[in-house]
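Please open the model in a viewer and keep the sequence panel at hand.

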Amino acid sequence: MIADAASGVALALRGEGDPYALSRVLRQSDALAPAAVRVLGADALAPYAADHHTPAAGDEDRGVVQAALAAFPPGADASAVSVWSYRGLVEASHAFLPGGPDRWPQPPDAASGWVEADPWPRLAHRASQLAALALPGLSPALADALTTRTDDLARGFVRAVRRRDWLQAAGLGRWLARLPGVPPTLGLDAGLAFIGHMGGGDARVALHLVAARCFYGRGE
Amino acid sequence: MSGPPSAAADTALLDSVATGALSWLGAYRDRFRLPADVTTDADPNLTLKPLGELAELARLIQELHPRADVREAAAELFAFAWEQFGRGALHAELMRNEPQAVYPVELYGVFARAGLRHPAADALLTTVTGLRRWRVAGGDHTRTLSVLNAERRIGVPLHADPGAVFALTGLGLRAEPWLLDLRAAYGLTHDVFHLTDWGRARHRMAAPFAAYLRLWLPCWLEGELERELWDLVGELLAVAACLPRPWYPADVWRRLAAAQRPDGGVPERSDPADGPYRDDPFLTCYHSTLVTAFAATLARVGTDTTPDDSTGPARATAPGRESEAAP
């Protein structure tokens with residue numbers, strides 16, 4: 001189901017298929033829809049951020065997201081990644097769904113000390129899990145913090161590709177597409193194309209790659 | 001592995017690693033002895049190649065290591081290798097047998113650099129390296145760099161422009177760092193060794209290439225540590241020490257030191273069952289043990305010339321940014 005939803009989002013970001021509606025990709029009546037939205041995070045709403053998307057999100061989309069936010073709030077002991085991904089979904093709801101700020105929860109405070117403190121392999125792993133936040137305008141403070149570790153994220157990209165961990169590699173590549181100052185010798189565009197050839201069959205990998213291209217013009 | 005800070009080198013650890021490795025090499029010295037059929041039936045990968053590596057790296061350690069006892073142990077190994085080559089007579093015989101081959105010249109260059117010559121080999125060299133045939137590439141660009149380095153050592157004209165050849169190597173092209181497989185990794189380390197004459201001439205490495213290596217070495221090392229490929233870990237550590245501003249990754253050195261066995265040998269990989277020579281401690285260890293002694297020597301020399309630039313993980317990304325200014 002998550003793969004299908006990710007494929008639906010990727011299709012919409014490519015500008016293909018019917019105009020995107022989250023409520024058609026994930027029906028509110030489906031018991032698993034809230035969990036799928038929670039896993040996709042902000043990416044569930046990514047097509048609404050794309051330039052070529054004309055139809056605005058509707059009330060049914062709002063219902064699907066509200067159900068997810070209500071069902072899976074991060075607990076007191078939630079990991080930083082879990083809080084950030086929830087926060088990303090809240091931020092995207094504010095940005096892309098109808099209804100004023102009062103209709104959505106306030107974005108929760110999310111710890112960011114790890115961005116500075118993590119050794120680069122762990123930093124890269126966490127950042128890749130938060131690749132859905134690499135959307136225009138989302139979480140600018142996190143993006144700014146990651147900008148100070150661009151070289152380390154690039155090292156994580158190299159490590160992930162060499163390990164053939166395409167999901168981590170694609171997520172990091174998507175962040176690097178958003179961030180300034182990526183080392184030219186990384187070969188990011190060729191790297192993203194390479195990941196597409198090797199691991200693009202995975203819908204979540206494909207989604208990161210198409211987001212990097214759609215929003216930041218990087219990749220094949 | 002933590003971030004890529006460059007700590008002050010741990011000279012006690014480096015010396016312990018180097019003396020352990022040299023002790024192992026001394027104990028196994030007779031295994032480097034050439035068999036009677038070395039020029040006919042013997043497999044050169046099991047005879048000339050190990051002895052040539054012993055000569056190359058022992059000589060470097062003899063020249064550069066700050067400790068007299070280490071230099072002395074290395075000097076004995078180098079002298080042993082020269083004797084095994086019949087003080088150059090074997091080089092001459094190999095050139096007569098295979099006048100088109102580059103390896104006898106490369107092997108001779110190791111000794112010529114140290115001032116050890118043989119009249120017959122010198123006479124043959126003039127002819128062999130003067131042939132048009134000599135200018136036909138015998139291998140990839142990395143190997144051509146090796147031949148050029150041998151020519152420089154021996155003092156015969158260079159058969160190609162080293163700059164143009166270097167530009168076509170993995171390092172010269174600053175190839176995509178994520179596509180570094182085993183073969184490319186060994187190519188890259190040897191691009192560095194030939195360019196810098198095995199760490200003696202670190203200044204020959206221009207800034208863009210040093211920045212490229214400093215940026216990507218941490219993630220390459222991390223990968224080889226995960227696979228516990230100790231010979232490649234050692235080669236990459238040697239590369240780190242060949243940088244104009246050497247980098248000392250303390251945690252990687254501790255891991256390599258921990259992989260060294262009590263007798264001083266360093267296995268190519270932790271699980272010898274993975275390797276082709278699992279029943280033979282010499283064949284599973286000689287290369288990585290030599291490389292470890294070599295890397296420990298270069299790292300030790302680097303500490304004598306480099307101030308402590310201990311930094312935190314976030315700060316340590318700074319050298320990578322140099323590459324953005326690179327052409």
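For the lining counts below, Ala, Val, Leu, Ile, Met, Phe, Trp, Tyr, Cys and Pro count as nonpolar, Asp, Glu, Lys and Arg as charged, and the others, Gly among them, as polar. The model on the screen is a predicted one.

**Stop 1: the largest cavity, in chain B**

Please select B:Val102, B:Trp134, B:Arg135, B:Val136, B:Ala137, B:Gly138, B:Gly139, B:Arg143, B:Thr144, B:Val147 and B:His159, which line the largest cavity. This cavity holds about 70 Å³ of space. Its lining divides into 5 nonpolar, 4 polar and 2 charged residues. Across the whole structure, the search finds 2 cavities of 30 Å³ or more; the other one is visited at the last stop.

**Stop 2: chain B as a whole**

Please display chain B as a cartoon. Chain B contains 14 helices and 0 strands. Of its 327 residues, 56% count as buried. Among contacts in chain B between residues at least 6 apart in sequence, 73% join residues at least 24 apart.

**Stop 3: aromatic rings of chain B**

A search of the whole structure finds 19 aromatic pairs over all chains. Please select B:Phe193 and B:Trp198 and show their side chains. How are these two rings arranged, stacked or edge-to-face? Their centres lie 5.0 Å apart and their planes meet at 15°, so the pair is stacked. B:Phe193 has a relative accessibility of 1% and counts as buried. B:Trp198 is also buried, its relative accessible area being 11%.

**Stop 4**

In the contact region, 24 residues of domain 1 of chain A meet 22 residues of domain 2 of chain A.

**Stop 4: the second largest pocket**

The space in the second largest pocket amounts to about 490 Å³. To see the helices around it, please select α1 (2–13), α3 (33–40), α5 (80–96), α7 (120–129), α10 (166–178) and α12 (203–216) of chain A, each of which supplies at least two lining residues. By class, the lining of this pocket has 11 nonpolar, 8 polar and 4 charged residues.

**Stop 5: A:Arg159**

Please select A:Arg159, which lies in helix α9 (residues 150–162) of chain A. Is this residue buried or exposed? A:Arg159 has a relative accessible area of 13%, and therefore counts as buried, the cut-off being under 20%. Leaving aside residues up to four places away in sequence, A:Arg159 touches A:Trp120, A:Pro121 and A:Gln168, together with B:Glu222 and B:Glu226 of chain B.

**Stop 7**

Please select A:Leu192, A:Ala193, A:Leu209, A:Ala212, A:Arg213, A:Arg218, A:Gly219 and A:Glu220, the residues lining the second largest cavity. About 40 Å³ of space lies within this cavity. Helices α11 (188–199) and α12 of chain A each supply at least two of its lining residues, and the largest share, 3 residues, comes from α12 of chain A. The lining divides into 4 nonpolar, 1 polar and 3 charged residues.

Finally, please select A:Gly217, found in the segment after α12 of chain A. At 54% relative accessibility, A:Gly217 counts as exposed. A distance drawn between the C-alpha atoms of A:Gly217 and A:Asp189 reads 9.2 Å, with the two residues 28 apart along the chain.

Terms used:
Residues numbered from 1 in each chain as written. Chains lettered and ligands numbered in written order. Predicted model: local features only at pLDDT ≥ 70, side-chain atom pairs only at ≥ 80, totals over all residues. Heavy atoms only, no water. 1 Å grid on protein atoms, 1.4 Å probe; cavity = no way out; pocket = protein on both sides within 12 Å on 5 of 7 lines; lining within 4 Å. Points joined across faces, edges and corners; volume = space filled by probe spheres on them. Helix = DSSP H or I, 4+ residues; strand = E, 2+ residues; numbered from the N terminus. Buried < 20%, exposed > 50% of the residue type's maximum accessible area, 1.4 Å probe, protein only. Contact = heavy atoms within 4.5 Å. Phe/Tyr/Trp six-rings, centres within 6.5 Å; stacked < 30°, edge-to-face > 60°.
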